[in-house]
Amino acid sequence: MSGIRFVKAQACGNDFLIIEETAAEGRHAQLARALCERHTGVGADGIEFLERRADGSYFLRLFNADGSEAELSGNGTRCVAAWLAESEGLEEIALGTHGGVRRCKVIVKAEETPWWIQSGMGVPRVMPRTIEIEGVGLVEGLMVNMGNPHFVIFPERQDYGSHGMSWQELGAKIAVDPVFKFGTNVEFVRVLEKNKIAFRIYERGCGPTTSSGTGTCAASAAAITLKGVEWSLTALAEGGAQEVVWPETTAEMMLTGPAEIICTGEARVNF
């Protein structure tokens, strides 16, 4: 039985473990399933495996709680940036991911409050699309690529439900439908004001989460494109608010939000 050193961090309730890549020893999926389990493990939505490369650069591999690998997480990336700011004093850092490089900058240092970090999230690619889901029928929405896939819906119901189902039920169906070859994250968005939206998130490989960085950006890009909301806005998820600025359709979207280091520790694994 060996020990795995970890850091646990959260961004608007979206929680992650951070583990050095050298400790993974090829067990990424196994570690994610074991350590993210909330009753028998440490508990988290996913694990960010942090690789420190010989040229001084950093690279992240994200594994969801179910052991599947994803391209990236905006909140997870911000959690890693907060940890490197706290542990090594790095206030600006580029973090490579399978969804592209994400550049993070500390806006507010953690003292009485969490870290506040601004992240460049790439250029959103937005495409209106009506999909047909087995057992549901036609669902209108927008496909948004944030370096990872999203499908954004604007439900009429105040509780975010649609097509006679709760958002959790519909999200679970859409996330794994064959129309999305690699699965998709699903956001349910309501426009509150010209510069404010609220949304719920169903993440592939994890299920309902309180927040998502790329989900925040996807929801915002869809609302700007389809609903005409302002290009600088507040996006409110169950875990809290994040700030989004998208200067123009060909520009990088900027996301600013909190991140907090919860604890560090060592987990025992028997494989």
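**Close-up views of a predicted model**

**View 1. The end of helix H3.** Gly 89 comes directly after H3 and has a positive phi, near 70°. Helices (H or I, at least four residues) and strands (E, at least two) are DSSP runs, numbered from the N terminus. The structure is a predicted model, in which local features need pLDDT of at least 70, side-chain atom pairs count only at pLDDT 80 or more, and totals for chains, interfaces and linings use all residues. Residues are numbered from 1 along each chain as its sequence is written, and side-chain values use heavy atoms, with hydrogens and water left out.

**View 2. Helix H3 along its length.** H3 covers residues 74-88, 15 residues in total, and spans 21 Å from its first C-alpha to its last. This is close to the 21 Å expected at 1.5 Å a residue, where the expected span is 1.5 Å times one less than the number of residues. Because 12 of its 15 residues are buried, H3 is largely enclosed by the rest of the structure. Buried means under 20% relative accessible area, exposed over 50%, and partly exposed in between (1.4 Å probe, protein chains only). Among the buried residues of H3 are Arg 78, Cys 79, Trp 83 and Leu 84. At the start of the helix, a side-chain oxygen of Ser 73 comes to within 3.4 Å of the backbone nitrogen of Asn 75.

**View 3. The largest cavity.** The structure holds one cavity of 30 Å³ or more. The largest cavity has a volume of about 120 Å³. Of its 13 lining residues, those closest to the centre are Leu 62, Asn 64, Leu 72, Asn 185 and Glu 203. A cavity is a set of points on a 1 Å grid over the protein atoms alone where a 1.4 Å probe fits but cannot get out, and lining residues have an atom within 4 Å of a point. Grid points are joined across faces, edges and corners, and the volume is the space filled by probe spheres set on the points. The lining comprises four nonpolar, six polar and three charged residues. Here Ala, Val, Leu, Ile, Met, Phe, Trp, Tyr, Cys and Pro count as nonpolar, Asp, Glu, Lys and Arg as charged, and the others, Gly among them, as polar.

**View 4. Strand E3 and its partners.** Five of the seven residues of E3 (residues 46-52) are buried. E3 pairs with strand E2 (residues 14-20) in the parallel sense over five bridges, and Leu 17 has Ile 47 of E3 as its bridge partner. With strand E4 (residues 58-64), E3 pairs in the antiparallel sense over seven bridges. Two strands pair if DSSP finds at least two bridges between them. Phe 49 stands opposite Arg 61 in E4. Five residues separate E3 and E4 in their hairpin, and Gly 56 in the turn has a positive phi of about 90°.

**View 5. Two residues with positive phi.** Glu 25, which is not a glycine, has a positive phi near 50°. Glu 25 sits in the loop between helix H1 (21-24) and helix H2 (28-36) and counts as exposed at 62% relative accessibility. Tyr 160 also is not a glycine and has a positive phi of about 75°. Tyr 160 lies in the loop between strand E11 (149-153) and helix H4 (167-175); at 5% relative accessibility, Tyr 160 counts as buried.

**View 6. Contacts of Thr 97.** Thr 97 is placed in the loop between strand E6 (92-96) and strand E7 (102-108). Thr 97 is buried, with a relative accessible area of 8%. A polar atom of the Thr 97 side chain lies 2.9 Å from the backbone nitrogen of Gly 99. The Thr 97 side chain also reaches the backbone oxygen of Gly 100 at 2.6 Å.

Key:
On a 1 Å grid over the protein atoms alone, a cavity is a set of points where a 1.4 Å probe fits but cannot get out, and a pocket is an open set with protein on both sides within 12 Å along at least five of seven lines; lining residues have an atom within 4 Å of a point. A polar contact is a pair of N or O atoms within 3.5 Å; within protein, one must be able to donate a hydrogen and the other to accept it, and residues adjacent in sequence count only if both atoms are side-chain atoms.
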